[in-house]
Amino acid sequence: MNFIRAIAMLCIIAYFNLFCSFSYASEAVDESKVVRVGLLDYSTFMEEKDGLVMGYAYEYLVDISRYANWDYEFVPGTWEECLERLEKGEIDLLASAQYTADRADLYDYSTMPMGVAYTVLCSLNGQDYAFNDFNEYKDLVVGVLEGSIRSKEYEKICKSYGFEPKLLYFNTHEEQMEALKKGRINAVLISSIRCDKGLNIIASFNLNNYYFIVNKNRKQILWDLNKAQAKIHFYNPYYEADLYKKYYGSIMTKSNGFSAEEKEYIQNKGTITVVALSKFPPIQYCEEEKNVNGIVTDVLQEILYFTGLKVKYLIVDNHFEAIKAIQEGKADVWAACYDDFDAADAFNLELSKPFLKLYQSMIQNKNKKSATEDTVYAVTPYYKDWFKLKGKKIILYDTMLECIQAVNDGIADVTFASYYIVEYFMKDPRLDNLIVSNLDGKEIGLAFAVNKQNPEQLTNILNKGIDSIPQSRMQEITYNHLLKENKNLEIIQFIYKYPIQIIVLLCTFFLGLSMIFYYKSQHKSLKKGFREKEIYELNLQRALIRAEHANAAKMDFLSRMSHEIRTPIGAIIGFNEKAEQNIEDKEKVLDCIQKIKVSSNHLLQLINDILDMTKVSAGKMELNIQPINIMKMMQSVQVVYEEIARKNEISFTVDIDTDLDRYVMADELRLKQIIINLISNAIKYNKSQGTVEIKVRKIADLEEKISVHFSIMDTGVGIAEENLAVIFHPFEREKTVIRKMIAGTGLGLSISSKIAMLMNSKLEVISKLDKGSTFWFDIDFEVVDKNIEYVSKENTVQHIPDYKGKRFLIVEDNDLNAEIIGSVLGLTKATLDYAVNGQEACILFELSPHHYYDAVFMDIMMPIMDGYAATMYIRNLARPDAKSILIIALSANAFEDDKERSLIAGMNAHCVKPIEKQGLFNALNKYLK
């Protein structure tokens, strides 16, 4: 039982380290290299203004330079000029190239794309065409670039609509745009990254990756570029998406133009009736004279401006009245509906995409800090169900303010409200009896709701309107309402909050008259300063909330850890007890032992996965690059998994290019780890009579490097489309797998993905539920001399060695561990002695005759004297065998740092617990002749 607890504690520590380790691997500081980059004058993408380069590509290059240690020299030019200079070697690198076979012959492409781009059809602003309505484009004269693949894409679509497009070809983008401005053509066909504010996107199609391209002779630059991109992705898998949203979020909303049906709806409808809540500040509320105000109202105004619709408000007091108004057709839209699809379906409502996230807080009375059976909750009807308070003591109120006041007055103990509502109401000085804490992971969005009987065009129009609002504008709207004073605070509240200030103000009133002109002159600058301070403080509060959210994520991580560890431990304990109860039934006991072995291996795999995740998350995993033979490596994997697949009645094939019987530089252990994990999953999650196919293909062969494609295909359970985006996240597993109780840690794919990134590659997948999956990755290897046969330095054995006549000293403070190690070493027929700590081992060795012991197996963590100190003591003894005695560390510490520390202390080898029998024999065979 102590042994199991020790394993559990090890996992807890490893998990904690995994989550808390965010330091990146340190980079060697080398002299920076100047890289010449083609500077394209593309608005937003990369442009020069007032001597400063800026834009999407520039920021990407800046982030690359942090890893590649580059400085840049920017060389201006058109796209055609930059391509020519790149081919001649006058520049080294160029951004934004779509892949074509012809270009690949002239330039080297980055392994990873630098972003995505649509092909867009654009007219000048003010020219009105229905979005993506190709039937309207029959008579358009469209300008395209000579040799552009986009023209072929456009022709194909037009022909599918039954007409031939009218195309006019140009040599340069500048000629193309000049023709558009002069009216020679009606539209241009370009990449979305070249779209600026003077153009109106009328169609978009054919999403493609685009890449950095490098001069063919700049192999080191290509290598540094690929490595930097891999590291960027390692630390932020969504880097390009974040950058795209930052630079193109507002421009590309123009691609959300309205279809003919949507335009017709807007024209015929003209004005929509919107339900507004009167008592939901600052989200939405009514001021004097029934003026509707709030965050939602300002968001809606942005949408109305974008769509051209007008609005008429129907004011109600609560959510149920709002739902009723929509159901009865009295209103078209409810503007402040929770993003809850189950609730929406129950009321026959259709939701738009969410436009605002409401992070939730818990508000408690100071005198009731902990929840008990007697805790009284003050909530609105919706929160009662959402927080699952059925069976609790509840007081229902119509508004959030009533709930907060009830808690403050001691009528109730606890309530819940969003961050925005808390910030708005907590300005009231009378609410001084409350404690507010954030509920990490508890959030809900706000969306627009319409009756499902309404035309679908209305929801589409609202969604496009939401997309049209830049993120910066959304932040401005929320900040404005949080900083806005609550007009409902009466004079008596102001006096309550500022009694001393008011007295001082009255006493100094007449003296202050003389300074009126001074204050007027300073008022504008002071107001600005106060506002900046308030925004700064608000940003600090939001940062605190984000930090607390991260802490909650850590706790969720530890909770998952507890579950993952308890599962195999519970099985080990349970089958151990079952074996004891049936000790006379040999068949049942053997069955229990086999199941304990399976659970133990699962627990060991979990620990190993956790340690690997710890290393990669802390940036401490380093690749051990050695010469390896790709063919022989794959054959060694094939031998093992062919038999496993056969036992599972699964067809297993491995297809390797014969040209890959060559040596390359790679980390064989980590490369095999990726491949074995993928093959293991392909078998584990497959069906009886299923198939697993492994293909290893050479896809490029340079003078000193080759590019190899690895793919693993299976006909197993597959992965649902909505889970593909998170399948490489820790603990993410397909729900079908979980339902079928297929064992697994949920860490293997995450580890494999991160190792692939360290190898300058990317693990990718395509999958269909119940059809199967294909995982693949490409790696560039440095080729080494084909004529040299590399032989492993390890002198391995595949049998139990005979050490009869030799004497080993086992130093271990845990009786169970000592017994296990003794049983393994006993197979060698050697004589075994035992010591329970480092001090006792030193005494036994020092008092023994010279060369009495042939080897010492040293635990590390021991009382009185640990293994490091004991080893150093033995090595410093003045006797001939002190320096030569074989000392092998036996430790649960599995990091490279731990192994290095053992060697520094004077040990010959470091073996990790639980002891792998063959590994221990290999270490013995290496040193004992």
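There are 28 aromatic pairs in this structure, which is a predicted model.

Take Tyr285 and Tyr424 to start with. Their ring centres are 6.1 Å apart and their planes sit at 45 degrees, so the pair counts as tilted. This pair ties together distant parts of the chain: Tyr285 belongs to strand S14 (residues 284-286) and Tyr424 to helix H15 (residues 419-425), 139 residues apart. Are these two tyrosines buried or exposed? Tyr285 has 7% relative accessibility, which puts it under the 20% cut-off and makes it buried. Tyr424 comes in at 4% relative accessibility, so it counts as buried too.

The other pair is Tyr803 with Phe808. Here the ring centres are 6.0 Å apart and the planes make 65 degrees, so this one is edge-to-face. Both Tyr803 and Phe808 are buried.

Here are the two pairs side by side.

| Ring pair | Centre distance | Plane angle | Geometry |
|---|---|---|---|
| Tyr285 and Tyr424 | 6.1 Å | 45 degrees | tilted |
| Tyr803 and Phe808 | 6.0 Å | 65 degrees | edge-to-face |

Aromatic rings also gather elsewhere in the chain: ring pairs link Tyr42, Phe45, Tyr56, Tyr60, Tyr210, Phe212, Tyr239 and Tyr247 into a cluster.

S14 sits in an open sheet of 3 strands, in the order S13-S14-S15, with antiparallel pairing. Its edge strands, each pairing on one side only, are S13 (279-280) and S15 (292-293). S14 and S15 run antiparallel and are joined by 2 bridges, and Tyr285 stands opposite Asn293 in S15.

Now for the wider picture. The chain has 929 residues, 47% of which count as buried, and its secondary structure comes to 31 helices and 35 strands. If you look at contacts with a separation of 6 or more, 75% of them are between residues 24 or more positions apart.

Strand S28 (residues 705-714) is worth a stop. Of its 10 residues, 8 are buried, so S28 is largely enclosed by the rest of the structure. What does S28 pair with? One partner is strand S27 (residues 691-701), which runs antiparallel to S28 and is joined to it by 9 bridges; within that pairing, Ile694 has Ile712 of S28 as its bridge partner. Another is strand S30 (residues 772-783), again antiparallel, with 10 bridges to S28. There, Asp714 has Ser773 of S30 as its bridge partner.

Follow the chain out of S28 and you get to Val717, in the loop between S28 and helix H25 (735-739). With a relative accessible area of 6%, Val717 falls under 20% and therefore counts as buried. The C-alpha atoms of Val717 and Lys771 are separated by 6.4 Å, although the two residues are 54 residues apart along the chain.

Further along comes an open sheet of 5 strands, with the order S32-S31-S33-S34-S35 and parallel pairing. S32 (831-835) and S35 (909-912) are the edge strands, so called because each pairs on one side only. From one strand to the next, the twist averages 20 degrees. Strand S34 (residues 886-891) pairs with S35 in the parallel sense over 4 bridges, and the bridge partner of Ile888 in S35 is Ala909.

Which helices pack on this sheet? One is helix H30 (residues 896-905), which touches S34 and S35 and whose direction makes about 140 degrees with that of S35. Helix H31 (residues 917-927) packs on the sheet as well, touching strand S31 (807-811), strand S33 (855-859), S34 and S35. The direction of H31 makes about 165 degrees with that of S34.

Last up is a helix pair. Helix H9 (residues 260-269) and helix H16 (residues 456-467) have axes that come within 10 Å and cross at roughly 95 degrees. The two helices are therefore roughly perpendicular to each other. On the H9 side the contact is made by Glu261, Glu262, Tyr265 and Ile266, and on the H16 side by Gln457, Leu458, Asn460, Ile461 and Lys464. By type, the contact residues are 4 nonpolar, 2 polar and 3 charged.

Technical notes. Residues are numbered from 1 along each chain as its sequence is written. This is a predicted model: local features need pLDDT of at least 70, side-chain atom pairs count only at pLDDT 80 or more; totals for chains, interfaces and linings use all residues. Side-chain values use heavy atoms; hydrogens and water are left out. Buried means under 20% relative accessible area, exposed over 50%, partly exposed in between (1.4 Å probe, protein chains only). Axes are lines fitted to C-alpha atoms, for helices over the stretch in contact, and angles run from 0 to 180 degrees between N-to-C directions. Contact means heavy atoms within 4.5 Å. Angles under 35 degrees count as roughly parallel, over 145 as roughly antiparallel, 65 to 115 as roughly perpendicular and the rest as oblique. Ala, Val, Leu, Ile, Met, Phe, Trp, Tyr, Cys and Pro count as nonpolar, Asp, Glu, Lys and Arg as charged, and the others, Gly among them, as polar. Rings of Phe, Tyr and Trp (its six-membered ring) pair if their centres lie within 6.5 Å; planes under 30 degrees apart count as stacked, over 60 as edge-to-face and the rest as tilted.
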